[in-house]
Amino acid sequence: MTEPTKKRIEAPVAAGSATTPLPANVHLAAVLAWLIPGAGHYFLGRRSRALIYLAIIATATVIGCFLHGNLYRVVAGQPLSILATFGAMGLGLPYFVLRFLVSYQGDITAPTFEYGTAFLLTAGVMNLLLVIDAWDIAMGRKE
């Protein structure tokens, strides 16, 4: 049986070494994927997948805000807040819009605070995984 051939852009390299994939759109796809959830996949031609990813991340973010969850930021004396902030910043542009333009702050007294925090953090980490997925697609490692 023959294995299906994969199309890959090859870049010329020095004589005696193997050819490597040309990362022409890799960085742009990754930055777009981080800034706007689904934009990296849309840029790479995965239109329906991109819209589904955008809907999932946006829905999780909106639910997290409606449940008054915590949109993490670095807190002095709490080293784990750095990791949580990195995860929340995975939302990309929506994080900065919520944090600085809308001045969103969760309500710690709300009974749904912890659930909202889980939704917001999950949306950020999920988008970071989608950045890696867009990177792999752009590199030709994944269809």
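**A tour around helix H6**

Begin by selecting aspartate 133, which is buried, with a relative accessible area of 8%. The coordinates belong to a predicted model. The residue is part of helix H6. Display its surroundings next: apart from residues up to four places away in sequence, aspartate 133 touches His41, Arg49, Tyr53 and Lys142.

**Histidine 41**

From this set, select histidine 41, which is located in helix H2, spanning residues 39–43. Is histidine 41 buried or exposed? Its relative accessible area is 1%, and it counts as buried because the limit for that class is under 20%. Show the side chains of histidine 41 and aspartate 133 together: a polar contact of 2.6 Å joins them. Then extend the selection around histidine 41. With neighbours within four places in sequence left aside, its contacts are Arg46, Arg47, Arg49, Ala50, Tyr53, Leu130, Asp133, Ala134 and Ile137.

**Helix H1 against helix H6**

Now select helix H1 (residues 26–35) together with helix H6 (residues 113–139). At what angle do the axes of H1 and H6 cross? They cross at roughly 160 degrees and come within 8 Å. An angle over 145 degrees counts as roughly antiparallel, and H1 is therefore roughly antiparallel to H6. The crossing in which H1 passes H6 is right-handed.

To view the contact itself, select the following residues:

- On H1: Val26, His27, Ala29, Ala30, Ala33 and Trp34.
- On H6: Asn127, Leu128, Leu130, Val131, Ala134, Trp135, Ala138 and Met139.

Colouring this H1–H6 contact by residue class gives 12 nonpolar residues, 2 polar and no charged.

**Helix H4 against helix H6**

Which residues make the contact? H4 contributes Ala84, Phe86, Gly87 and Ala88, while H6 contributes Leu121, Gly124, Val125 and Leu128. By class, the residues of the H4–H6 contact comprise 6 nonpolar, 2 polar and no charged.

Note on methods:
Residues are numbered from 1 along each chain as its sequence is written. This is a predicted model: local features need pLDDT of at least 70, side-chain atom pairs count only at pLDDT 80 or more; totals for chains, interfaces and linings use all residues. Side-chain values use heavy atoms; hydrogens and water are left out. Axes are lines fitted to C-alpha atoms, for helices over the stretch in contact, and angles run from 0 to 180 degrees between N-to-C directions. Helices (H or I, at least four residues) and strands (E, at least two) are DSSP runs, numbered from the N terminus. Angles under 35 degrees count as roughly parallel, over 145 as roughly antiparallel, 65 to 115 as roughly perpendicular and the rest as oblique. A crossing is left-handed if the near helix is turned anticlockwise from the far one by less than a right angle, and right-handed if clockwise. Contact means heavy atoms within 4.5 Å. Ala, Val, Leu, Ile, Met, Phe, Trp, Tyr, Cys and Pro count as nonpolar, Asp, Glu, Lys and Arg as charged, and the others, Gly among them, as polar. Buried means under 20% relative accessible area, exposed over 50%, partly exposed in between (1.4 Å probe, protein chains only). A polar contact is a pair of N or O atoms within 3.5 Å; within protein, one must be able to donate a hydrogen and the other to accept it, and residues adjacent in sequence count only if both atoms are side-chain atoms.
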